[in-house]
Amino acid sequence: MHVTMTVNGEEVERDIEPRVLLVHFLRENLGLTGTHWGCDTSNCGTCVVQLDGQPVKSCTVLAAMADGHAVRTVEGLDAGGTLDPVQQGFMVEHGLQCGFCTPGMMLTARALLDENPNPTETEIREAISGQICRCTGYATIVRAIQWAAEHPAEAVEKVAQS
Amino acid sequence: MTIVDEPRTGSEHGRHHDHNPAADDAARPVGFGRLQRKEDPRFIRGQGNYVDDIVLPGMLHGAILRAPVAHARIVSIDTSEALARPGVRAVITGKDLEPLNLAWIPTLSYDVQSVLVTDKVRFQGQEVAFVIADDRYAARDALESIEVDYEMLPPMIDARRALDPDAPLVRDEMEGRTDNFINDWECGDKAATDAVFANADVVVRQEIVYPRVHPAPMETCGAVADFNPVSGDLTLYETSQAPHAHRTVIAMVAGLPEHKIHIISPDIGGGFGNKVGIYPGYVLAIVGSIVTGKPVKWMEDRSENLMSTSFARDYIMQGEIAATKDGRLLGLRADVLADLGAFNGTAQPTKYPAGFFNLFPGSYTWEAVHGKVTSVYTNKAPGGVAYACSFRVTEASYFVERMIDRLAIELDMDPAELRLKNFIATEQFPYDNKAGFEYDSGQYEMTMRHAMQLAGYEDLRREQAEKRARGELMGIGISFFTEGVGAGPRKHMDILGLGMADGAELRIHPTGKAVVRISVQSQGQAHETTFAQIVSEEIGIPPEDIEVVHGDTDRTPFGLGTYGSRSTPVSGGAVALVTRKVRDKARLIAAAMLETRPEDLEWEKGRWFVKGDPTAGKTIQEIALAAHGTMELPEGVDGNLDAEVTYDPPNLTFSYGAYFCVTDIDKGTGKVTVRRFVAVDDCGTRINPMVIEGQVHGGLTDGVGMALMEIIEFDSDGNCLGGTFMDYLIPTAMEVPDWETGFTVTPSPHHPIGAKGIGESATVGSPAAIVNSVIDALRPLGVTAIDMPCTPSRVWDAMQGRPTAPV
Amino acid sequence: MQIPAPFDYARATSVDDAIALLTRYGEDAHIVAGGHSLLPMMRLRLARPEWLIDINELTELDYVRRDGDRLRVGALTRHRTLLESAEVGSLFPIVVDAERVVADPVVRNRGTIGGSLCQADPAEDLSTVCTVLGAEAVIRGADGDRVIGMDEFHVGPYETAVAFNEVLVEVRFPIRLRSSSAYEKVERRVGDWAVAAAGAAVTLADDGALDDVAIGVTAVGLSERVADAEDLLRGNRPTDDLIAEAGRRTAAAVDPMTDQRGSEAYKRHLAGELTQRVLRSAIARATRGDENDGQGQEA
């Protein structure tokens, strides 16, 4: 079947089998490998992307179901080279270690802050409670999201790359 | 040297704006200190390069057919239908591997394990056949077409029955084998310990089970094998924590010349010991590539990861502790039954078949100790050493910290006081722990008191008393752990004969930038930052001017890899020494440039200058350019600012910590809430406090996981009940508190920069603090013990006076 | 990473179109809405429909609408919508209590009330909620709509009264004065199925006695309401003793199984314990609502 969707603001179309999962469509058909996968049972949330602005587990959405909709992946977080405050916050506050769960965490964080610009710590923890991190222990992820909330306009990319 | 810092809690830190190095260059340390990570820019853009991201031209995909049963003879395997399916290029079975001598490969413990079953299945999930197809969907579909006829055999599941005379035999293929016994190991002094127990005022016994758990990194294991039939080169992209060790072993096993094997571990999505072993899937990808002449990718799914790759723990421990009435420790006995699964695939130094369980005396002085571990085969997946265990130190530490609290209950003594009374004193270091290990340094009482102060221990006990009066269940649990990490020296520690010493190479380019090549492999531990910081500290080049190269066997020196927290102790030592070598060479060149003698020069970070005349100096950058220039170099100095070193550490380093956990238990449901966790760690010299804190947070979360929810269980037929993340539960952000951390600094006297390992400390130390806290909460109900995981149901059973062992 | 067996896919353009497609493709076709029950089963190849009929575009089934003395909820209403709906929270706090513990926030963006009810997992929280609230299911077929109660809707584990070529379109909740409700669940971890859970709804009389009461439990082998416990309370003032006895009767009425989530004895205990808690909570909420305006509750 033929699917057409908007991914990170650009329209894409491909011919695929109906059973292709959105996560595979993104990674293999579109070569956007920033979205990862970590389990078989929709539990870990490593694969989270945004579908029409809402975080979803892309391993549990068919590419066919995203036809006609808008998908945002980690590759679409920055605005033409300018890092999103969430991305900045994760770097500043050490909100990542191995980086595998990070794209999903950041997209959920972005969606949260878009609706709730000043979340409490509890609200942040609840928002990411569908996603597992094995490295960080979550506190620095919470701090990263708080940093992004406190620096909404600070999306300046430091060219020096630390 | 002692430094005691104020703790930083998450909420405090989140409100401070003083930790944004990106905004303020002056705040970026040249050397040790909080430094934002150099590897982050690619990860936050989704540009990490993990094994499943790798796509090579013509690449095929492999999938493994796994046995659905735990113990069964293979009667027949029919692959004809699978081979006929569209897109399928090859189907390999054990019969195909036999002539290549690859049906069985050695494990890291001198046992053998099956790559594809030839005779019988020995655990549920074992590899039976390998399909190679054009894409992963076709490979997966083809698995269903393979027909296997199994003849069921009674499974050997209960480790406690593994040595019964009528126990089903797991390893019947081993000639002369009549039972499931693997080995016995002991340490300490049995006679002296027996004597101590015979004369002791107080003796307490306790069974303590450390159930089977799994490291479960978010990225599963996998490889892309690319064999070039013309040149004979094999390039293997692999999720490996030890690329060099893998290369050597694969060369030995597959009969491929080592110089033709190139292993690249790109970015790895978490290791935790899961990615140390050589799994059948890697071998099958290699064979697949050789057979098809194309690159072959194999990525396991999560159930394969949980069911077949290296599990951790599974120690059933009988403890006995002897003491005086007033709480002086006399003797400790540990008698352990270790369930290793169907093959001995434990990954620890050869001379230590029970890893470093020798750490079981913990942080205390004893008159005598004796430890014994008996290992057995069962029809379960192989493994045992994984999940940040520091080679069984998780087991040892959990054991002794549970026993100490058990004794405190018996003596009706405060568990903090009992520990303080029996700590190894600072002046007693280096300390022989009576079980074969010499601890390098520690200031236990200081660290303990710092943690008690941060936790507000006395206030907590007051609060607990008030709550108890109201019938509420609140617990305070303590764990004071000592671990030994950084394996080496090579004469004592090897894996398959490869001595555990690691190399480092440093090159300073003519324009003063540097590249350091290391043998260890990060799976998230920030090596690209911290190793640059070690070089930076020693030579004064800023970290952003230092590239750290790791993970590629062609581009890095030999070493045994990252596990057992050995990166900082071993590779960090190597890097410090290689930088000093370069710095010493720079001194000779600087002296020539300044027309003076080397002994007349003094060092300040970044340059050599003439003693007494600071204006007369040369920066490292200037020296580097001169080294490659036209000047006449001193005798014996060649024209570069490069060096290499292989560092053979003289001993392990012994990190330690004091952990306090506060839990509240819902009396009506048994649900445990971890309200607070205070962790004070001492890992000696601290390279990057931000990274250290992250390592500690991650390990504490492991502790909550194991203490409250993680377990791989089996039913009596040998079905693995923890094969998905629906049943193998890992904590989310809701199950853990905002961590409260602090630190003390007691350098390692033998380490080049005084640093000790930290990667596994919190995983080692935290489970006991949490479980002790649960027991403490339940004391008013007469509970003296409970085993992990403390799920609501198991807690409630304990509350009713009916605690059950998890295995 | 597990993937489903091959299937064909069609996107329904209307409910009638969905019904037509289901009729055409027969029992080998299956509706997919949120997909977080069905797709995981398909990935593990425990379910292998030959046709998937995607109804996610039928936004006309996504609504929460008060209609006189009923709250009408479209079957495609997402869990998140119900969780965040002030109207639902004020009329039926049990729904919000339950939605808070259904799966996790990301799954709740996709999963629907219709999907949950039709999946009919024995541990499904919303099944208990609908039973306790006396909800009705509106099922549409080729011949039009039929409305049935939860008893008739739930046939057995993973089995409902919705025929292969019918579509659940709406769930209706009767609104009653002086009423409130509550749900409480014990899980090993966020996102896990219940070890056990209980829900209760109460209607108060003028004098504080219980005009009506409904009690339901989850994951303990009882899909009907706990009539024994209800009968004890109905018409009486809810004293501590009575509530405790209601708990005991619930514990006696359930039939849980020992599994990795918990022992049979523990689940039985939980059924009783949680029943007491939700009764107390529902009564407190109903009382507060009564004090506030007598018209229905404040949230």
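Modeller: Before we start, the domain bounds come from an automatic or database domain assignment. It's a predicted model, where local features need pLDDT of at least 70, side-chain atom pairs count only at pLDDT 80 or more, and totals for chains, interfaces and linings use all residues, while side-chain values use heavy atoms, with hydrogens and water left out. Residues are numbered from 1 along each chain as its sequence is written, and chains are lettered from A and ligands numbered from 1 in the order in which they are written.

Biologist: OK, what domains is chain C divided into?

Modeller: Domain 1 covers 62–174 and domain 2 covers 179–292. Their centres, taken over C-alpha atoms, are 20 Å apart. In terms of contact (heavy atoms within 4.5 Å), domain 1 of chain C gives 18 residues and domain 2 of chain C gives 24.

Biologist: And how much area do those two domains of chain C bury between them?

Modeller: About 1600 Å², with 59% of it on carbon and sulfur atoms. Buried area here is the accessible area (1.4 Å probe) that two parts lose on being put together, summed over both.

Biologist: How many salt bridges are there between them?

Modeller: Two. A salt bridge is a side-chain nitrogen of Lys or Arg within 4 Å of a carboxyl oxygen of Asp or Glu. Arg285(C) and Asp97(C) form a salt bridge, N to O at 2.9 Å.

Biologist: Switching to the chain C and chain A interface, how much area is buried there?

Modeller: About 2700 Å², 61% of it on carbon and sulfur atoms. On the chain C side, Met1(C), Arg43(C) and Val106(C) lose the most area to chain A, together 24% of what that side buries. Chain C brings 33 residues to the contact and chain A brings 35.

Biologist: How many salt bridges between chain C and chain A?

Modeller: Two again for this pair of chains. Lys57(A) and Asp104(C) meet in a salt bridge, with N to O at 2.7 Å.

Biologist: Gln50(A) next: buried or exposed?

Modeller: Buried, with a relative accessible area of 4%. The cut-offs are under 20% for buried, over 50% for exposed and partly exposed in between (1.4 Å probe, protein chains only).

Biologist: What does the side chain of Gln50(A) have a polar atom close to, at 2.9 Å?

Modeller: The backbone oxygen of Leu107(A). Leaving aside neighbours within four places in sequence, Gln50(A) also has contacts that include Pro55(A), Arg72(A) and Arg110(A).

Biologist: On to chain B. What does Asp52(B) form a salt bridge with?

Modeller: Arg136(B), with the closest N and O atoms 3.0 Å apart. Asp52(B) is in the loop between helix H2 (40–43) and strand E2 (60–66) of chain B and Arg136(B) is in helix H5 (residues 136–143), so the pair ties together parts 84 residues apart in sequence. Those elements are DSSP runs numbered from the N terminus: helices (H or I) of at least four residues, strands (E) of at least two. Both partners are buried, Asp52(B) at 8% relative accessibility and Arg136(B) at 12%.

Biologist: Which residues are linked in a network of salt bridges?

Modeller: Arg73(B), Asp111(B), Asp119(B), Lys120(B), Arg122(B), Arg171(B), Asp172(B) and Glu173(B). One pair in there is Lys120(B) with Asp172(B), at 3.2 Å, N to O. Lys120(B) is buried at 1%, whereas Asp172(B) is partly exposed at 30%.

Definitions and conventions
Polar contact = N/O pair within 3.5 Å; in protein donor to acceptor, adjacent residues only side chain to side chain.
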